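I opened the notebook to look up charged contacts and ring contacts. The entries follow.

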Amino acid sequence: MVTIRLELGRQNFHPLNRRSFLLLKLIAVVFVVLLFCEFLIYYLVIFQCNWPEVKTPAHGRDQGTPEPVLKAMFLADTHLLGEVRGHWLDKLRREWQMERAFQTALWLLQPELVFILGDIFDEGKWSSSQAWADDVERFQKMFRHPRHVQLKVVAGNHDIGFHYQMNTYKIKRFEKVFNPENLFSWKGINFVMVNSVALEGDGCSICSESEAKLIEISHKLNCSRKQAPPSGPCRAGQQLPASAPVLLQHYPLYRRSDANCSAEDAAPPEEKNIPFKEKYDVLSQEASHKLLWWLQPRLVLSGHTHSACHVIHSGGVPEVSVPSFSWRNRNNPSFIMGSITATDYSLSKCYLPLEGTVLVTYCGAAVVLLALLLAHFELLALPFLFGWNLLRKHKAI
């Protein structure tokens, strides 16, 4: 009697034990795949990025101290979705991806300065006060950073609207949150941050004010280059580092199209030859000429097109268009890493994980889970046995 009860207990325990073991295997596969796709893949990919090397000649009176190098990251077009456009799942997914990529890059690369070149939000051009506050709160959570890292932001057309949508209210609320500086100097390097949406050239009050600020900045930069004595037109309080500036803006300077852009993250072939529209896709020729003449930059970085491009403008001034940082806009987002001194710079690109890689990994995991289930219910061999029997019958015929 006792033996019969023991046998019944073993028979009941064995299926339960198999089910528990199956559940553990399924949980383990899901956990490993989620850990890899949502955390580890960012570390594995961004770990391969390195700061570019730049020449650091000695400077100072004794000529024995090397020039300080500033490590800066340049991002563009994050396009945080608002309450109107985009599915909630799409919003959740894209923002998680950007948050993980940004936080991983901060931890691994340790930049001193981060610039975002406009279109931080997708719906800033029409969002209500409450929607704007919600978007800002999400942005500050996603792009949180240590105190020793500075985050600088340039306004884009999706943040304050195109020229015909732009108004003082939208600009003021943007400035209240991000406190953008038109002229910013660090480690002997001058950065000029331009509201390129206001360079319409039609004489509007916002445009006139913006141009007046740029002329004032141009005067300060000229004074720093000429090193005029304090008694002259350049006052001592206006002196800046004697370094040609780096120009940062959302709209690219004028170019006809992306036909000559050849990077792997350039515009798709079917879009490269489409002519750009002035004051919409790029700045007008007049505004571009003014910026180059007034500021005489040594480097220009811009966003807006969502694709990479390297252009040489008149006077040999290079411009780098920074691709979008969001997987919603491209499968291979990236950002620029810059090692910059007062006299030189070097740039490199850091790619983020391909979304296709993540999708393939999830599909592979789904196949593994299906195989485990079929094996558990002893159904895995049935298709093979069926095929084998068909093959034997065919041979027999």
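Which side chain meets Arg144 in a salt bridge? I found Glu99, at 2.8 Å from N to O. My rule for a salt bridge is a side-chain nitrogen of Lys or Arg within 4 Å of a carboxyl oxygen of Asp or Glu. Arg144 lies in the loop between helix H3 (129-142) and strand E5 (150-153) and Glu99 in helix H2, so the pair ties together parts 45 residues apart in sequence. Helices (H or I, at least four residues) and strands (E, at least two) are DSSP runs, numbered from the N terminus.

Before going on, I noted that this is a predicted model: local features need pLDDT of at least 70, side-chain atom pairs count only at pLDDT 80 or more, and totals for chains, interfaces and linings use all residues. Residues are numbered from 1 along each chain as its sequence is written, and side-chain values use heavy atoms, with hydrogens and water left out.

Entry: Glu99 is buried at 7% relative accessibility. Arg144 is partly exposed at 37%. The cut-offs are under 20% relative accessible area for buried, over 50% for exposed, and partly exposed in between (1.4 Å probe, protein chains only).

**Entry: other salt bridges.** I counted 17 salt bridges by this rule. Lys187 meets Glu112 at 2.7 Å, N to O. Lys187 lies in the loop between strands E6 (183-186) and E7 (189-193), and Glu112 in the loop between H2 and strand E4 (113-116), so this pair ties together parts 75 residues apart in sequence. I then read a network: salt bridges with shared partners join Asp90, Arg94, Arg328 and Glu355. Within it, Asp90 and Arg94 have their closest N and O atoms 3.0 Å apart. They are four residues apart in helix H2 (residues 88-109), about one helical turn. Arg94 is buried at 17%.

**Entry: rings.** I found 18 aromatic pairs. Phe139 and Phe178 are edge-to-face, 5.4 Å centre to centre, with 80° between the planes. Rings of Phe, Tyr and Trp (its six-membered ring) pair if their centres lie within 6.5 Å; planes under 30 degrees apart count as stacked, over 60 as edge-to-face and the rest as tilted. Phe139 sits in helix H3 and Phe178 in helix H5 (residues 168-178), 39 residues apart. Phe139 is buried at 3%, and Phe178 is buried at 14%. Ring pairs link a cluster that includes Phe139, Phe178, Trp132 and Phe335.

**Entry: charge over a ring.** The charged end of Lys152 sits over the ring of Phe184, 4.3 Å from its centre. The test is NZ of Lys or CZ of Arg within 6 Å of the ring centre and within 35 degrees of the ring normal.
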